[in-house]
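Here is a brief packing report.

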Amino acid sequence: MFFRPSPRVSVAFLVLAVACATSDASRRSSSSPALSAAEQAAAARIQASEISGHLRFLADDLMAGRAPGTTGSALAIQYLATQLQIAGLVGGLAVEGGKRTFLQRVPLVKLAAHVPPTVEFQGSAGKVSLSTTGGAKADLVLEPNGEASADLEAAPLVFAGYGIVAPEYGWDDYKDVDVRGKVVVLLNFNPPFAGERVRLWYGRWDYKFQTAAAHGAAGALIVHTTESAGYPWQVLSSSADGVGFTLPSEGEPRMQFQGFLAEEAARRVFRSGNLDLDGLTKAAQAPGSKGTRPQPLSVSVTLRMQLEKSLIESANVIGMVPGTDPVLSRELVIYTAHHDHLGTVTPVPPATDGIYNGALDNASGCATLLAIARAAAASPPKRSLLFAFVTAEEQGLLGSRYLAQHPPVPPGRIAADINVDSINRWGRTSDLGMLGLGKSSLDAVVKAVAAAQGRTVHGDAYPDRGSFYRSDQFEFARIGVPVVAAVGGPDFIGRPATWGKEQEEEFEEKHYHQPSDEYPRAPETWDLSGGVQDAQLQLLVGLRIADAPELPSWTAGDEFERARKAARKE
């Protein structure tokens with residue numbers, strides 16, 4: 001049986017919980033400031049029932065998966081803008097005539113590829129036919145990369161290791177070899193530049209595809225393994241539809257296609273050229289290799305994949321809580337959450353209705369941000385707060401990239417970005433995982449608030465996934481803005497030590513990017529007390545940043561420090 005408190009009981013409970021956490025933290029660490037009365041009152045405004053209500057609507061079948069450019073997405077956008085206005089926020093963007101708007105139009109280029117059902121690879125030792133259909137049973141996932149149709153006739157395949165060029169580590173997988181017009185085959189992940197099993201941007205697929213395009217490759221295929229990717233093959237293959245999105249080209253290099261090879265399919269392709277994938281992988285991972293000289297595979301591919309291009313109008317939804325200080329109010333603390341998901345696929349009854357509801361990913365983040373916005377509007381800080389619900393995150397962080405490229409104030413006047421992407425739905429925790437811990441002065445702010453809640457702070461619990469580079473905070477980091485991305489766990493109060501990790505892994509295996517990511521009809525099955533706990537922290541961290549006399553900074557020598565210094569000079 002689940003106890004579901006009334007709203008009045010919830011408020012009292014939250015105030016008591018915050019007070020108890022503050023008392024515990026004071027006993028443990030006299031250096032950690034307790035929450036003020038105003039902060040306790042602000043935190044108490046965030047209620048599980050409010051998050052649940054927004055979540056229920058945004059994850060409903062009516063939204064049809066919130067894919068950019070669809071009716072469901074438009075409905076979600078209007079709902080978010082309306083709720084921001086109801087909460088007392090003003091439009092986050094200035095327009096002509098001194099008026100303000102909640103919508104930032106984001107031009108997206110939709111690329112629909114007619115993916116052939118099979119693709120032939122011709123090797124020196126024989127031919128291999130790979131299937132692009134069959135969901136989890138597919139061998140190959142193909143996607144558009146540029147805005148032109150793929151037209152390759154016997155294009156040579158070249159193995160280029162990790163596909164990384166990292167001068168600061170003395171690493172170059174291309175070694176000045178000409179791969180123009182060829183198809184590069186790449187390993188997932190990256191060498192242990194920052195420690196064993198720590199994924200950097202170098203280990204992300206978007207970096208690998210961008211780098212291959214910059215070297216003139218006609219296409220690129222990444223070998224997928226569950227270990228190297230951090231998720232099973234079905235996450236890619238079951239939702240693959242040949243449709244991609246991009247922002248309008250500004251002259252950057254593009255390829256004819258990009259894609260992923262299932263592990264066993266990759267072995268077959270390598271064997272067709274009398275080469276061993278495992279042996280080449282081991283050589284590429286050798287500590288002293290400093291990159292693998294691109295090696296021809298004695299395999300070629302013929303691919304014709306027609307593209308249909310169309311322009312899609314989507315939008316970022318942006319609301320603002322104006323700051324109270326006449327000078328500092330010109331600076332911003334930005335909160336972000338992406339409102340898009342994956343749309344629909346042909347249903348397979350009774351297993352699935354074909355709707356990618358995206359309840360946890362990321363209706364939950366949007367619902368939480370709405371609750372934070374309403375709480376913040378009641379006690380505005382010195383700096384202004386901007387709440388941005390961005391589009392097309394699932395399509396490559398496009399909405400946040402557009403906002404970062406077209407911000408309402410110069411990047412040097414953006415204090416921080418606090419990103420919420422999938423909340424804790426399993427209950428209260430004694431810990432908090434912060435992506436990018438050690439990268440900026442925001443560590444101290446997060447740790448202080450967490451200590452007042454009676455929680456400890458650690459880095460990414462799953463560093464092999466490269467989560468810092470996988471969500472919208474990354475686009476703000478790239479323009480020099482320090483970021484906070486934190487979520488409770490994996491140490492859940494009253495649960496065995498391994499319980500939290502087991503819940504995460506079960507969700508990833510069965511529900512991540514699947515139609516089964518739904519909000520249950522019986523919401524008690526989601527314990528949102530942990531989500532409330534995290535939302536209170538995110539609210540208070542933002543308020544403290546907004547009231548601080550100085551802007552946050554990156555740690556000396558961090559990869560984003562240079563961008564911050566350049567932005568502050570503008």
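## Terms and model

Axes are lines fitted to C-alpha atoms, for helices over the stretch in contact, and angles run from 0 to 180 degrees between N-to-C directions. Helices (H or I, at least four residues) and strands (E, at least two) are DSSP runs, numbered from the N terminus.

This is a predicted model: local features need pLDDT of at least 70, side-chain atom pairs count only at pLDDT 80 or more, and totals for chains, interfaces and linings use all residues. Residues are numbered from 1 along each chain as its sequence is written, and side-chain values use heavy atoms, with hydrogens and water left out.

## Two helix pairs

Helix α8 (residues 263-272) and helix α9 (residues 277-284) have axes that come within 9 Å and cross at roughly 100 degrees. Therefore α8 is roughly perpendicular to α9 (65 to 115 degrees; under 35 is roughly parallel, over 145 roughly antiparallel, the rest oblique). Contact means heavy atoms within 4.5 Å. From α8, Glu-263, Ala-266, Arg-267 and Phe-270 meet Leu-277, Asp-278 and Leu-280 of α9. This contact has 4 nonpolar, no polar and 3 charged residues. Ala, Val, Leu, Ile, Met, Phe, Trp, Tyr, Cys and Pro count as nonpolar, Asp, Glu, Lys and Arg as charged, and the others, Gly among them, as polar.

The axes of α3 (residues 48-58) and α4 (residues 71-86) come within 11 Å and cross at roughly 155 degrees. So α3 is roughly antiparallel to α4. His-54, Phe-57 and Leu-58 in α3 meet α4 residues Leu-75, Ala-76, Tyr-79, Leu-80 and Gln-83. By class, the α3 contact with α4 has 6 nonpolar, 2 polar and no charged residues.

## Nonpolar cores

A nonpolar core is a set of buried Ala, Val, Leu, Ile, Met, Phe, Trp, Tyr and Cys residues joined through side-chain atoms within 4.5 Å. Buried means under 20% relative accessible area, exposed over 50%, partly exposed in between (1.4 Å probe, protein chains only).

The largest nonpolar core has 161 residues, and Phe-121 and Phe-387 have the most contacts inside it. Helix α10 (residues 359-377) gives the largest share, 12 residues. Beyond its neighbours within four places in sequence, Phe-121 is in contact with residues including Leu-130, Leu-221 and Val-301. A second, separate core of 8 residues includes Val-106, Phe-245, Leu-247 and Ile-312.

Which residues of helix α16 (residues 561-569) are buried? They are Glu-561, Arg-564 and Ala-567. Seen down the α16 axis, the buried residues fall within an arc of 125 degrees, so they line one face of the helix. The arc is that of the directions from the helix axis to the C-beta atoms.

These buried residues pack against β19 (414-419). Exposed Arg-562 and Lys-569 sit on the face of α16 turned away from its buried side.
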